Amino acid sequence: MATVHLRIGDLVWGKLGRYPPWPGKVVSPPKDLKKPRGKKCFFVKFFGTEDHAWIKVEQLKPYHPHKEEMIKINKGKRFQQAVDAVEEYLKKAKGKDQTHSDDKSKSDKGRKAAKPMKIIEEDDEDAFKGGSSDKEQTDSDPEPSSVQRLVAGTVSGFKWESSPVKDDPHFHHFLLSQSEKPASSMEPITKRLKIIEEDTRSTSIQAADSTAINGSITPTDKRIGFLGLGLMGSGVVSNLLKMGHVVTVWNRTAEKCDLFIQEGARLGRTPAEVVSMCDITFSCVSDPKAARDLVLGPSGVLQGIRPGKCYVEMSTVDPETITELSQVITSRGGRFLEAPVSGSQQLSNDGMLVIVAAGDRSVYEDCSSCFQAMGKTSFFIGEAGNAARMMLILNMVQGSFMATIAEGLTLAQATGQSQQTFLDILCHGQMASTFVDQKCQNILQGNFKPDYYLKHIQKDLRLAISMGDSVNHPTPMAAAANEVYKRAKALDQSDNDMSAVYRAYIH
């Protein structure tokens, strides 16, 4: 393949991972974003999207010579919108060039016009310092100060059959996200898929599609099944349906399915039936026993597994349970992924969960549109069991922190201090967060409506402590917090929010 000579400002076709080619423009990277090691690459902004990426030179083609070719192989609506955005950009740039040329002719008073220069528009979001638009981007180039967005939308992604990016574990993709907080829920947000390669250099690959709450996700054409409509599962299914996925649901208490049937979901009579009807089946249940029973029990998941069927375990369980489920699913020719979530009922309803996945990477990629619908960020961290370990650690920290906050509130009260003042000071310091503010305000209002069940955070603490024991690692802070939650459970707080641990200190 001939060498591609590119400069900042050049229009290109870029390919990324397993996706079709997409129009973009070579731009200056943000100042704090380092260029990946290895092969030469360019920082590209994609038209019709919120996305930017480092793309290897062999994954790029000049825009104009290959335009007709690319239009023939991609007929998607969003692709056409991206091409239209390019044409609008060119039209605008041509108009500015003409204006510049006219002004130049007048000022030169008949002198021979200089070679047309690239016009950097005041509102051109590729604008960069130093007037270096004609400078070729090289590995030694200094990194300019900033890059902003062009237009909102969703990228379909990129793929050419030769040398796909996803097969190169030593190449980084950095797709930047919109940092501003949207003014309304209808404005675009960025949701990212991150793949963490577990090699000796801890290489990280991030691959992402920008999405919008108003439904700009392109749903997979695969049939989706979902088992378990609890606090977390209900929000997930609602968002899958809103984003256009075809979803079949099942719940142990069948009445919970009614609302989703009204929203367009299909009903499965048993877990086995759901799996047999669907290409990818998710489950989200309360604990390891429920997860095992769902797979191994009568009319369970395993009875519906056939070669190629995908099963995604979203429950927060111990790694031993994940290993067992992975083995039985794959023994039937199925494909297995674990994908527990970090968040709460509210975050689930808002489609803002954090998904931590491990297992079959191809299943993770097949679930791309589903993860975008339910979460703001998704991580892939290697072999099955890793996500369970990571999620238990995360929940251990969260549970211990919540118990400490409750302890601080009650100690403030016991020493004659204002709990509200304690909270105000806390929320103006380094520990300020939405989590702290919401949980503490609910405590002060006596509102313990479950957003994350107390019994579930205690279960996670117990499993984390056991995991620490298995590797001979001390977890004294988690152990102390666990005892407080156990006391709260004894006070009949199991089905309240985790913040009800507060009551363990006042009884």
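## Basis of the description

Angles between axes under 35 degrees count as roughly parallel, over 145 as roughly antiparallel, 65 to 115 as roughly perpendicular and the rest as oblique. The model described here is predicted.

## Helix H12 against helix H14

Helix H12 packs with helix H14, which spans residues 434–444, at an angle of about 45 degrees. The axes of H12 and H14 lie 11 Å apart. H12 and H14 are therefore oblique to each other, and the crossing in which H12 passes H14 is right-handed.

On the H12 side, this contact is made by Gln398, Phe401, Met402, Ile405 and Leu409. H14 contributes Phe435, Val436, Lys439, Cys440, Ile443 and Leu444. Sorted by class, the residues of the contact of H12 with H14 comprise nine nonpolar, one polar and one charged.

## Helix H12 against helix H15

H12 (residues 386–414) also packs with H15 (residues 454–470), at an angle of about 120 degrees and with the axes 8 Å apart. H12 and H15 are therefore oblique to each other. Here H12 passes H15 in a crossing that is left-handed.

From H12, the residues that meet H15 are Arg389, Leu392, Ile393, Asn395, Met396, Gln398, Gly399 and Ser400. Their partners in H15 are Ile457, Asp460, Leu461, Leu463, Ala464 and Met467. The contact of H12 with H15 holds eight nonpolar, four polar and two charged residues.

## A residue in both contacts

Gln398 of H12 takes part in the contact with H14 and is also among the H12 residues that meet H15.

Methods:
Residues numbered from 1 in each chain as written. Predicted model: local features only at pLDDT ≥ 70, side-chain atom pairs only at ≥ 80, totals over all residues. Heavy atoms only, no water. Axes fitted to C-alpha atoms, helices over the stretch in contact; angles between N-to-C directions. Helix = DSSP H or I, 4+ residues; strand = E, 2+ residues; numbered from the N terminus. Left-handed = near helix turned anticlockwise from the far one by under 90°. Contact = heavy atoms within 4.5 Å. Nonpolar A, V, L, I, M, F, W, Y, C, P; charged D, E, K, R; others polar.
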